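Please read these notes with the model open beside you.

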Amino acid sequence: MRLQHRVALVTGGGRGIGAAIARRMADEGADVCLVSRTFSELEEQARWIEENTGRRALPATADVRRPEDVRQTVRTALEAFGKIDILVNCAGISVADASEELSFEQWKECLDINLDGTFLYCQEVGRHMIERGQGGKIINITSVVAHAAIPGRAAYAASKGGVKQLTQNLAVEWGKHNIQVNSITPGYIYTEIFRRFVEQGVHQPEKLEARIPAGRMGRVEDIAGPAVFLASSDSDYVTGTTLIVDGGVLANGYI
Ligand code: NDP
């Protein structure tokens, strides 16, 4: 039990990578607050966690773009659990469109959710961690597009590149408060976002798989273990960096 007596708030916790991280953290002993816009998904995950891990799980709806929603969910988690030790910013969307076709609304939505939402939660939970004086762990989910270009992903790349740099900056600012801030760079993980891209013909899984050194697509569980490491005291001297969990895609020199 690497996270016993800890409390985690996980955005995007209703499905996909965020849900897998929340389940695994609960398995390791943490109580969790799950955040997204869809209450039914949060409720289902919370029920699964309470029934299968015995930890407490709190569903809290928010649109991560709205500062008032962010404040409200953090307040709700603090009222229920008394503290937040771990923040995981996993809520996100992806946009795939040629830059000359991209509408300003698509650009804004992607930046607002992925980058602004991450900043708002870092700031709100960071303030709590600083005030409490017991340190903390912040894990932001970025992407391989923060390291190398994929045509048609300008908005997504800008948002995730921003998350990667925000992570470094906060790590430097908050090191003196014993708050470790890191990101995880997932490769291609089979989730709702990915499924939609397959339907739209953006991705062809067989072609991708042939180029992934690990020989397969990523699973949500592949990201959950590294997230537990970054949330645990095993990573107390790890801050301001990104953990690349991509089956070797970036090492292979192309994405
Ligand atoms: P999913 O679509 O399965 O999950 C996305 C989650 O984010 C959902 O819970 C969704 O809930 C939530 N979310 C989206 N917009 C908002 C919003 N405005 N406010 C609150 N919650 C929101 O995708 P993944 O699990 O694949 O993605 C999780 C993260 O991992 C994302 O940041 C993504 O960019 C990143 N990632 C994914 C990769 C992949 O291959 N799958 C690769 C690299 C990075 P709801 O819509 O109900 O609000």
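1. In the protein chain, residues 24 or more positions apart account for 74% of the contacts with a separation of 6 or more. Contact means heavy atoms within 4.5 Å.

2. A word on the source. This is a predicted model, in which local features need pLDDT of at least 70, side-chain atom pairs count only at pLDDT 80 or more, and totals for chains, interfaces and linings use all residues. Residues are numbered from 1 along each chain as its sequence is written, and side-chain values use heavy atoms, with hydrogens and water left out.

3. Overall make-up. The protein chain has 8 helices and 7 strands. These are DSSP runs numbered from the N terminus (helices: H or I, at least four residues; strands: E, at least two). Of the 255 residues, 52% count as buried. Buried means under 20% relative accessible area, with a 1.4 Å probe and protein chains only.

4. All 8 of the 8 residues in strand 6 (residues 179–186) are buried, so the strand is largely enclosed by the rest of the structure. Ile-179, Val-181, Ser-183 and Thr-185 point one way. Gln-180, Asn-182, Ile-184 and Pro-186 point the other way. In a regular strand the side chains alternate between the two faces of the sheet.

5. Strand 6 has partners. It pairs with strand 5 (residues 136–141) in the parallel sense, over 6 bridges; pairing requires that DSSP finds at least two bridges. Gly-136 stands opposite Ile-179. The chain passes from strand 5 through helix 5 (residues 154–174) to strand 6, a right-handed β-α-β crossover. Right-handed means that, with the strands pointing away from the viewer, the path from the first strand over the helix to the second runs clockwise. Strand 7 (residues 242–245) also runs parallel to strand 6, joined by 4 bridges. There, Thr-185 has Ile-244 as its bridge partner.

6. Strands 2 and 3 also pair. Strand 3 (residues 57–61) runs parallel to strand 2, with 5 bridges.

7. The largest nonpolar core has 45 residues. Such a core is a set of buried Ala, Val, Leu, Ile, Met, Phe, Trp, Tyr and Cys residues joined through side-chain atoms within 4.5 Å. Leu-9, Tyr-121, Ile-138 and Tyr-188 have the most contacts inside it. Helix 4 gives the largest share, 8 residues.

8. Which residues does Tyr-188 contact, leaving aside neighbours within four places in sequence? Among them are Ile-150, Phe-194, His-203 and Val-249.

Terms used:
Buried means under 20% relative accessible area, exposed over 50%, partly exposed in between (1.4 Å probe, protein chains only).
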